Amino acid sequence: MADVSIVVLVALFLATLVPRFNIGLAALPAAFLVGLAAHRSADEVTAFFPGDFFVLLVGITALFAVAQINGTLDWLLDGMLRLVGGRALLVVLVPFLIGAVLTAVGTLPAAATAIVAPIALGIAARYGIPPFLAAVLGITGIISGLLSPLAVYGTSADRLGTKLGLELPGFAPVGFFLGGLLAGLAVSTVCLVVAFRTGAVPRGRLTPVDPPEETSSAPADAGPAPGEPTGRTPSPASARVLTLACLLAVVVLSVGFDINIGYLGLTAAVVQQLALRLEPAEIISRIPWNIVLLIGGLLTYVGLMEDLGAFTRISDLLRVEGSPMLSLLVLCYIAGVTSFAASSIAVFATTMPLVPAVVADGASPVGAVLAVALASVLVDINPLGITGGLVLGAARAEDRTRLFRQLLTCGLVSVAVGPALACFAFGWW
């Protein structure tokens, strides 16, 4: 049944080439039918639905919907973009810098993505920058700060390494941070070089463009994306003050006190809706329910695959005998392939117990931990996880289909290439 589940997943992706086929709508029935064949009850299959993702995406998009409706998000974007003066390089680097700073000071990746995605795609809409470029730069910025001594990956790498008896040197935390920063800078540099050389981003100064007006054929749940005109009269300053206070409270409580950012976002959205007397339907219509169904359905199916041992089967196929670096390479691919459809931090934590054997064969302890950590996060640039779901949720309705395909292609390429680059670039540290 593990093999069957893998075949069905491949079939689902191939079916997206068929006109009018919706993989999000089909993923839940697929999980139900494969579950029945594997003697799993409907309740057991339903238990794989990612309720935490549902709360996170709905809560954050509702929070930023209010910020869009009353003009606060446009006001914030105007302020940030005035600081960079329209310089093309600085404009496109804004998402990268914000993401790197947020995660470096301890913000969880999902929370950082929830904050960065609307900003990145708002800038893309404002200046006519490809949404895919803005999204990738924002995500690579988040990756750049993930291994700082204050970040979840950095602290986990150090603590797990010590617990597993790897005898990490004193410079290990700094080494982890520099490795993550260099990896993020390298990916971003390649993206920027390609963007400028191909003309996707013009050189010099950028001027705002008028985003395309929504047509009557737009989906009911589309709503304007960050940076698009909302068609409303700007709210008074008091409304912006309340929205900024709510945004700050969500960030502080989620980062400083580890309170669920999804529930915080929903609470803040309701408080503002009541205080500002906004129409609930206007907020609800801006929540990207099609993306919730897409990612929720796929993650339910992926959860069933994990339960059936599909990813263990994939990992077994990758195991080979060889030198320490070859063993580390295989370990990186196990982390990367598994992390593509699962929680990166969970994959990293469960892969770390395999590192001591590689180190005992002669691999560098700092390099081995760093390579496995990067292999598990470089594949986050894909639409099947929380990161991609939040990015798609922040995109304009007309951009989502193309952006989904671009993120999926990028994710598949990163699975094929990322683990090897992480191993050979950092495995010797």
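Which residues form one aromatic cluster? Keep that question in mind while you look around; the answer comes in point 6.

1. **The whole chain.** A friendly reminder before we start: this is a predicted model. Its secondary structure comes to 21 helices and zero strands, so colouring by helix is a handy way to find your place, given that helices are numbered from the N terminus. Of the 429 residues in the chain, 54% are buried. Among contacts with a separation of 6 or more, 80% are between residues 24 or more positions apart.

2. **Helix 4 beside helix 20.** Start with helix 4, residues 51–69, and find helix 20, residues 386–394. Their axes come within 10 Å and cross at roughly 30°. Because angles under 35 degrees count as roughly parallel, helix 4 is described as roughly parallel to helix 20. The crossing of these two helices is right-handed. On the helix 4 side, the contact is made by Phe 53, Leu 56 and Leu 57, while helix 20 brings Ile 386, Gly 389 and Leu 390. Sorted by class, this contact has five nonpolar residues, one polar residue and no charged ones.

3. **Helix 4 beside helix 14.** Now look at helix 14, residues 289–308. The axes of helix 4 and helix 14 also come within 10 Å, but here the crossing angle is roughly 160°. Angles over 145 degrees count as roughly antiparallel, and therefore helix 4 is called roughly antiparallel to helix 14. Helix 4 passes helix 14 in a right-handed crossing. Phe 53, Phe 54, Leu 57 and Val 58 of helix 4 make the contact with Trp 289, Ile 291, Val 292, Ile 295 and Gly 296 of helix 14. By class, the tally is eight nonpolar, one polar and no charged residues. Notice that Phe 53 and Leu 57 take part in the contact with helix 20 and also in the contact with helix 14.

4. **A closer look at Thr 387.** This residue is found in helix 20. Is Thr 387 buried or exposed? It has 14% relative accessibility, so Thr 387 counts as buried. Setting aside residues up to four places away in sequence, Thr 387 touches Thr 113, Ile 139 and Asp 380.

5. A pair of aromatic rings is described by the distance of the centres and the angle of the planes. The structure holds three such pairs. One of them joins Phe 54 and Trp 289, with 6.3 Å centre to centre and 40° between the planes, a tilted arrangement. This pair links distant parts of the chain, since Phe 54 lies in helix 4 and Trp 289 in helix 14, 235 residues apart. Phe 54 is partly exposed at 31% relative accessibility, and Trp 289 is partly exposed as well, with a relative accessible area of 35%.

6. **Back to the opening question.** The cluster is formed by Phe 426, Trp 428 and Trp 429. Within this group, Trp 428 and Trp 429 make a tilted pair, 6.2 Å centre to centre with 50° between the planes. Trp 428 counts as exposed at 59% relative accessibility, whereas Trp 429 is partly exposed, with a relative accessible area of 25%.

Terms used
Residues numbered from 1 in each chain as written. Predicted model: local features only at pLDDT ≥ 70, side-chain atom pairs only at ≥ 80, totals over all residues. Heavy atoms only, no water. Axes fitted to C-alpha atoms, helices over the stretch in contact; angles between N-to-C directions. Helix = DSSP H or I, 4+ residues; strand = E, 2+ residues; numbered from the N terminus. Parallel < 35°, antiparallel > 145°, perpendicular 65-115°, else oblique. Left-handed = near helix turned anticlockwise from the far one by under 90°. Contact = heavy atoms within 4.5 Å. Nonpolar A, V, L, I, M, F, W, Y, C, P; charged D, E, K, R; others polar. Buried < 20%, exposed > 50% of the residue type's maximum accessible area, 1.4 Å probe, protein only. Phe/Tyr/Trp six-rings, centres within 6.5 Å; stacked < 30°, edge-to-face > 60°.
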